[in-house]
Amino acid sequence: MDMRNGNPNVSLNFPYTVQDGKNKVTVIGSPTISDVKSMMIGIRNPKKTAATPDDDEQPKSAEIWVNELRLTNFNKQSGWATTGRLSMNLADLGNLAVSGSYSSPWFSSIDKKITEIPLEGHSQFDIATNIELGKFFGEKSGIRLPMHFDYSEARIKPKFNPLDPDLELDAVLNSYDDPLAQDSIKALTIDYTQRKNINFMNVRKDRVNSKSKPKIYDIENFNMSYSYAEIYHRNVDIEAEKERNYMGGIGYSFNNSPKNVKPFEKIGFIANSKALLLLKDFNFFFLPKMFTFRTDMNRMISERKLRNKSFGNVVTFPLTDKTWNWNRMYDLKFDLTSSLTLSYTANASSFINELPGPNNKVWDGKFYGLDSLYYSPEDKRNRVNEELRAGGTKTRFTQNVNLNYNIPINKFPLLDWVTATTGYQVAYNWNASPVSVQEELGNTIANNVNWNINGNADLAKLYNKVDYLKNLNKPPKKNNSRNSKNVKKETGTQPADSTKTKPSVNYGKIAMETVVRLLMSVKKVSFQYSINKGTTLPGFMPKPQSFGNNWSTNAPGFEYIFGFQPESPQYFNREGWLTQSTSLNTAFNQMANENMNIRVTLEPLPDLKVEITADRSFSNNVQSYFVYNDDEDVQAFVENSRMQTGSFTMSYITWGTAFGGSLGNEKSQYFENLKEYRESVALRLASEDPRDIAINDTTGFPEGYGPTSQYVLLPAFIAAYSGKDPASVNLNPFPKIPLPNWRISYNGLSKIPALKAIFKSFTLNHVYRSSYSIGSYSSNVKFIGDTIDGQVYPALTNLNAKGDFFPIYEMGVISINEQFSPLINFDMTLQNSMLAKLEMKRSRTLTMSFANNQLTEVTGNEFIIGTGYRFKDVPLTFSGMGGGGKRTFKSDLNLKADFSVRENKTVLRSIDTELNQVSAGQKVVSIDTSVDYMFSQTLSVKVFFNKIINNPYLPSQYRNSTTKGGFSLRFSLAQ
């Protein structure tokens with residue numbers, strides 16, 4: 001306290017001692033009691049000195065007791081808070097809102113801990129208004145000038161003085177009589193934030209006369225926006241912090257309805273000829289449909305200066321942070337014809353590279369250790385003007401072009417049942433490196449091109465072109481004949497004598513019509529094919545100009561910008577295009593994805609639908625490092641570490657091995673076939689190799705094509721599990737043509753007279769899906785190839801430790817996934833509304849690993865029986881609580897019961913050994929029953945019982961079961 005009271009005898013560097021009776025308190029420095037986290041009690045037996053002459057200098061034995069320190073008398077002072085808001089509508093001009101709030105120290109929610117209660121008061125007020133200034137110009141002017149303005153102040157006044165936390169701030173303020181001194185303390189200790197914001201967004205002139213034709217120079221095509229935001233902040237640590245944000249933008253949008261020109265439409269012989277429909281519909285547009293341009297600037301200036309809170313003479317400098325971004329956006333839509341559309345979008349981003357420091361003050365670099373730099377306000381203005389004239393320092397340029405074409409194949413008279421569309425999309429990106437390394441490492445460019453074609457054929461339209469086939473396709477007419485009694489009343493004649501001879505049946509005609517209908521069973525065919533490719537190049541030096549091209553060096557050229565995919569990075573090895581820095585360690589990349597999907601819908605019989613699908617997906621990625629080799633003997637760009645990776649999958653058929661094949665001791669006949677087929681495949685590979693491959697006497701296999709070679713195992717695996725002859729199986733791991741899968745559905749059983757009286761509906765379903773896939777592959781760095789007659793073969797000396805040729809691609813695993821989901825499904829609804837379901841499912845996943853020559857076979861079988869019944873309008877009556885009246889509910893009561901048995905088994909099979917071992921699996925029996933009743937749309941109740949019995953195949957695992965039962969009450973608040 002002596003120090004706080006200005007005692008001149010107190011020094012922060014020497015101990016200060018105060019006697020309190022027999023106790024002595026010594027303090028050094030300026031401690032704050034509120035910052036004390038721990039206390040230490042020490043006991044000392046001092047040596048005999050002149051100040052302590054009575055000490056006997058003997059050891060002492062003592063028992064010391066220290067009472068436990070406890071925190072008591074918690075401050076339970078209460079706090080208070082208030083808030084208020086005033087809103088006004090200024091007719092149709094706008095609105096005004098004023099709000100304020102205050103919360104005192106110690107105010108908090110009831111769930112806060114005592115240590116979480118705030119010890120500061122918060123006060124804030126806000127003013128916000130939205131005004132449509134365009135109203136002052138009248139509605140007929142069409143001027144729209146929306147203005148938003150808001151202003152707010154927020155103060156946080158701490159309970160305790162942050163400069164001296166042992167004292168309350170109010171007590172410190174009251175100790176000063178001078179109001180200026182009090183204001184000075186408040187400015188130091190109260191956290192103050194001030195916000196200002198004004199903006200004019202989308203200022204424009206609306207089109208008043210809707211009948212006038214839009215013109216490219218109309219003022220209505222333009223719009224402008226501007227905003228200014230300012231935040232000022234100070235507190236005990238920050239002397240002043242001011243952030244200003246400026247935003248301005250100009251937009252232009254021209255929407256046109258150009259006239260469609262059809263030059264041949266009114267020429268007589270063309271207009272009247274169906275054969276010349278394509279020529280008749282030839283059309284084009286002179287003008288684009290839409291053009292949009294917008295440029296925006298966002299500028300932020302932040303200045304911050306920290307307080308000097310030390311007792312020393314420490315100079316603090318204000319810190320300035322500035323950003324100035326400039327964005328330009330272009331959008332063009334041009335319908336070249338009614339079926340050929342073009343769209344173009346481009347975005348250019350840059351920033352104004354300003355000089356450091358406040359714009360209106362001198363920046364001296366010597367304060368930052370840069371003696372050679374000195375910038376005046378004039379220097380800063382000149383830099384800004386230079387940057388604006390140059391369009392800023394570019395950071396990013398993106399461009400997209402989409403061209404879509406509805407192929408007019410349906411304009412030909414005989415092909416009006418076919419529709420086709422194709423699309424070409426190309427994107428180009430230029431991304432700048434950081435300015436500090438841009439001159440050395442260059443920038444990154446990338447393009448991406450996608451080409452797709454979609455075709456659909458409605459063969460029903462083709463069949464209907466022939467009257468005979470059209471009549472066959474018509475559904476049979478319903479028998480609307482009336483009974484003989486009605487016929488007699490209307491015609492006055494007796495019904496025909498039933499004893500007369502019935503007309504003969506033309507079985508030949510019926511047979512012929514049946515055959516024709518089967519030939520017309522194909523109803524719809526759809527086809528989708530797409531290719532997506534892209535090239536990414538780092539180290540690109542030129543900067544983009546219009547359309548992303550640098551016209552002085554013609555880099556990277558329109559060819560690359562619009563989708564060209566070079567074979568190698570040598571395409572870019574031109575003067576001034578690439579950096580020669582050896583520090584560049586970013587890879588050159590090329591990607592390619594190819595996808596194909598075919599879908600065919602057949603209806604061979606009424607109520608029988610068959611959907612056949614086939615798909616193929618292939619991806620290939622190339623990565624390499626294209627860097628400059630500055631060795632004296634080279635002095636050129638060299639491509640290193642070229643690596644090719646990708647994946648492959650396509651629909652397949654493995655039906656031939658889906659059933660059976662099991663042998664004793666978990667062995668499989670198909671796996672035994674795999675091992676047997678290896679020799680046949682190896683001999684076939686050797687016979688197709690033009691280099692006269694010898695047979696190894698030890699293994700009986702050709703040299704280089706051993707029993708565990710990837711060249712041999714992959715075709716043998718495919719042949720064994722697809723049921724094909726190893727002598728004819730495809731040796732290419734990437735087949736070109738996908739095989740079909742199918743889905744079959746038939747719901748005509750309920751229409752059979754014998755079953756119609758029993759079933760309302762009876763549906764049969766069957767789905768088969770199988771796929772062959774290579775999860776991932778990569779080029780083998782150890783592969784050395786010999787090219788013979790344009791075909792690449794592994795070099796004869798390119799052998800691994802087992803004496804096999806290194807494959808050109810390393811494949812971790814290949815797999816076949818087969819699913820019958822379901823194998824067969826019967827879905828029935830009886831005439832009495834009972835539901836019944838019978839379903840069988842099968843699945844199989846075969847994964848062949850070339851790392852350990854091991855096959856993992858995962859199989860699954862499931863059998864499901866389900867039934868259900870719905871009782872209509874079941875009434876339930878409940879008495880009111882406390883003797884109230886009764887209430888009756890009437891709703892459907894639904895009963896469901898499902899029983900299923902599922903078997904899963906995983907078997908490991910080794911090529912090198914006789915291993916056929918179950919590694920996982922179980923048999924699962926499940927019973928699931930439920931009864932539910934809906935009292936209303938929001939309230940429902942359900943009673944359920946569920947039991948699952950799990951019986952594992954491995955002896956190391958235990959049989960277990962799970963039983964659940966109970967009821968659930970669901971109340972929904974959703975509307």
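**Figure 1. Charge and overall form of the predicted chain.** The chain carries 111 positive and 96 negative side chains. The centres of these two sets lie 13 Å apart. Lys and Arg count as positive, Asp and Glu as negative; His and the chain ends are not counted. Each charge is placed at NZ of Lys, CZ of Arg, CG of Asp or CD of Glu. This is a predicted model: local features need pLDDT of at least 70, side-chain atom pairs count only at pLDDT 80 or more, and totals for chains, interfaces and linings use all residues. Residues are numbered from 1 along each chain as its sequence is written, and side-chain values use heavy atoms, with hydrogens and water left out. The radius of gyration, taken over C-alpha atoms, is 43 Å. A compact globule of 975 residues would have one near 30 Å, by the rule of 2.2 Å times the number of residues to the power 0.38. The C-alpha atoms fill a box of roughly 140 × 95 × 85 Å along the principal axes.

Figure 2. The chain has 14 helices and 36 strands. These are DSSP runs numbered from the N terminus: helices are H or I with at least four residues, strands E with at least two. Strand 14 (residues 319-335) pairs antiparallel with strand 15 (residues 340-351) over 11 bridges. Pairing requires at least two DSSP bridges between two strands. A hairpin of 4 residues links strand 14 to strand 15. Leu332 stands opposite Tyr344 in strand 15. Strand 15 also pairs antiparallel with strand 18 (residues 393-407), over 12 bridges. There, Ser349 faces Arg396.

**Figure 3. Strands 35 and 36.** Strand 35 (residues 939-952) and strand 36 run antiparallel, joined by 12 bridges. Ser940 stands opposite Arg970 in strand 36. Of the 12 residues of strand 36 (residues 960-971), 0 are buried, so this strand lies largely in the open. Buried means under 20% relative accessible area, exposed over 50%, partly exposed in between (1.4 Å probe, protein chains only). Across the chain, 32% of the residues are buried.

**Figure 4. Two cis peptide bonds.** Ala555 and Pro556 are joined by a cis peptide bond, with omega about -5°. Pro556 sits in the loop between strand 21 (522-540) and helix 11 (558-561). The bond from Ser821 to Pro822 is also cis, with omega near 5°. Pro822 belongs to strand 30 (residues 813-830).

Figure 5. Most residues other than glycine have a negative phi. Asn202 has a positive phi of about 55° and lies in strand 8 (residues 191-205). Its relative accessibility is 34%, so Asn202 counts as partly exposed. Phe547 has a positive phi of about 60°. Phe547 lies in the loop between strand 21 and helix 11, and is partly exposed at 41% relative accessibility.
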